Amino acid sequence: MHAAEKKVRAFVRVKPTAHFAQDVIKFGPDNKSIDIYIKKDAKKGVVNNKQTDWSFKLDGVLHNTSQELTYETVAKKLVSEALTGYNGTIMCYGQTGAGKTYTMTGATAEYKHRGIIPRAVQQVFRAIACSVDSFITVRISYLEIYNETLCDLLSTTTSNDMQMAIVDCPQGVYVKGLSIHSVSDEEDALNLLFEGETNRVIAEHSLNKNSSRSHCIFTIYIEVRSRVRVLSDIRCINSKINLIDLAGSERLSKTRSEGRVLKEAAYINKSLSFLEQIIIALADPKREHIPFRQSKLTHVLKDSLGGKCNTVLVANICGEALHVEETLSSLRFATRMKWITTEPVVNVTYDSEETVKTLEKEISLLKQELAMHDSLVNRSLVTYGPLTDVQVAEIKSQIHKYLQGAIDEIDIMNFRQVQEVFKQFKLIVRQQEGEVETRLRSKYILIDKNDFATIAAAQKVMAGKQKNTRSLKGLFKSSLRTDFNT
Ligand SMILES: Nc1ncnc2c1ncn2[C@@H]1O[C@H](COP(=O)(O)OP(=O)(O)O)[C@@H](O)[C@H]1O
Ligand SMILES: [Mg+2]
């Protein structure tokens with residue numbers, strides 16, 4: 001089932017600041033456009049060809065916007081569509097400190113400051129509470145990618161990191177070894193989010209890393225088993241919502257990094273630039289090969305960016321003049337994302353095992369219904385199971401009597417008997433055909449109509465016989481004449 005073609009939606013969220021650069025960043029009245037002005041660098045002389053003005057048009061500018069309104073604008077529709085089978089991905093992109101984690105997870109101190117993840121979890125469980133004709137199950141995983149290493153933030157064992165691998169399969173991409181946890185309510189899911197956040201901090205200390213150097217993917221897996229049947233199969237919808245807090249996009253290579261930091265910088269720059277390459281490739285309708293496998297991040301996101309799901313980007317920017325270069329680069333990334341067209345598809349399967357179980361249940365219900373109906377009309381002797389040998393023999397005998405004229409009617413009690421009667425008639429007709437043929441063959445030589453050679457030979461024999469008869473007749477007539485003459 002194909003939905004209408006859609007574009008990736010991209011928003012910009014500005015982190016509140018007391019030093020907002022009003023002369024540098026200007027918002028359009030439509031709340032969608034944002035212009036950047038950079039003053040010419042006097043030191044570079046009179047001739048300065050560097051571009052100074054940029055205009056960007058996105059799907060919305062979130063400036064001084066509450067967490068609640070941000071969620072409504074960015075995530076609400078995507079989450080409700082995930083409940084109908086469409087995969088969804090929300091990504092926060094931007095330099096460290098611009099508000100990615102605040103947008104995605106939120107601040108824990110105050111309830112109203114909670115971010116997209118806890119609100120999405122709440123929306124999903126509220127929908128479950130309201131659904132009457134489906135059975136919905138929710139599972140959760142929390143993956144971190146640090147320096148091209150996969151790390152399970154909800155792992156129950158200590159050293160399974162080495163066994164984790166990204167696997168491509170016909171249903172999409174999954175991470176082998178990543179723990180996926182069933183959750184029965186909102187609290188369960190939030191506990192896991194909290195556990196993941198805590199593990200993120202612990203891992204940070206043990207690896208001597210910084211959370212802004214890693215990508216974090218919180219995934220909500222939704223399975224909806226509908227009681228509504230399509231062609232007697234049970235519809236099963238499987239969708240997932242990826243909520244991604246990307247590593248800081250600042251160009252770390254520019255700062256004089258050394259050792260571990262330099263290694264991290266190289267990995268982040270590489271994975272984000274691969275992400276950018278994928279975005280550019282996806283936006284080009286002529287491109288056939290998209291190099292998803294270039295980095296762990298893009299590989300994991302293969303079926304989450306690849307055009308078959310709803311995708312939303314939030315570019316988090318800082319409002320200070322100091323950060324204008326990073327702001328420009330984030331806005332460019334967001335604009336590129338908007339070029340991608342997607343064609344989201346519903347992830348629906350039909351569960352045969354479940355179908356068999358449901359059909360069995362329905363058959364037993366129908367049998368009970370029939371028994372009740374029969375007892376109401378005093379048809380208490382009727383059975384609906386397959387006919388026994390004795391019953392089949394009885395039907396056979398009745399048909400023979402009917403054909404011989406001994407009885408005028410055949411007893412019909414249920415549908416199986418009707419079918420058996422026709423079956424027996426068919427058998428009798430076949431049998432009689434056989435008998436007639438045998439009888440004819442015992443008396444006559446039967447030649448196949450299409451066996452031309454045998455027909456020709458027979459005709460020849462016949463012609464020969466006729467000739468003999470004629471000459472015999474002639475002989476007989478001439479002998480008669482001779483007799484008269486004598
Ligand atoms: N829109 C916002 N409103 C209020 N505080 C914010 C907002 N965005 C970010 N912050 C605060 O700014 C700081 C840095 O934000 P954070 O989300 O950690 O950035 P990032 O994850 O991009 O590095 C945090 O203390 C966060 O609470
Ligand atoms: Mg962060």
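Helix α3, residues 100–104, gives the most to the shell around ligand 1, putting in three residues. Keep in mind that this is a predicted model. Besides that shell, there's helix α10 to look at, which runs over residues 352–376, and the loop between β8 and β9, where N147 sits.

**Around ligand 1**

- The shell has 14 residues, and those that come nearest to ligand 1 are K15, G99, K100, T101 and Y102.
- Sort the shell residues by type and you get eight polar, four nonpolar and two charged.

**Helix α10**

- After α10 comes N378, which has a positive phi near 60°.

**The loop between β8 and β9**

- N147 is in the loop that links β8 (134–146) to β9 (149–152).
- Its phi is positive, near 45°, even though N147 is a residue other than glycine.
- N147 has 17 other C-beta atoms within 10 Å, so it's partly exposed.
- E148 lies in the loop between β8 and β9 too, and it has a positive phi of about 60° without being a glycine.
- E148 counts as exposed because it has 11 C-beta neighbours inside 10 Å, and the cut-off for exposed is 12 or fewer.

Conventions. Residues are numbered from 1 along each chain as its sequence is written. Chains are lettered from A and ligands numbered from 1 in the order in which they are written. This is a predicted model: local features need pLDDT of at least 70, side-chain atom pairs count only at pLDDT 80 or more; totals for chains, interfaces and linings use all residues. Helices (H or I, at least four residues) and strands (E, at least two) are DSSP runs, numbered from the N terminus. The expected span of a helix is 1.5 Å times one less than its number of residues. A residue is near a molecule or strand if its C-beta atom, placed from the backbone, lies within 6 Å of it. Ala, Val, Leu, Ile, Met, Phe, Trp, Tyr, Cys and Pro count as nonpolar, Asp, Glu, Lys and Arg as charged, and the others, Gly among them, as polar. A residue is buried if 20 or more other C-beta atoms lie within 10 Å of its own, exposed if 12 or fewer, and partly exposed in between; C-beta atoms are placed from the backbone.
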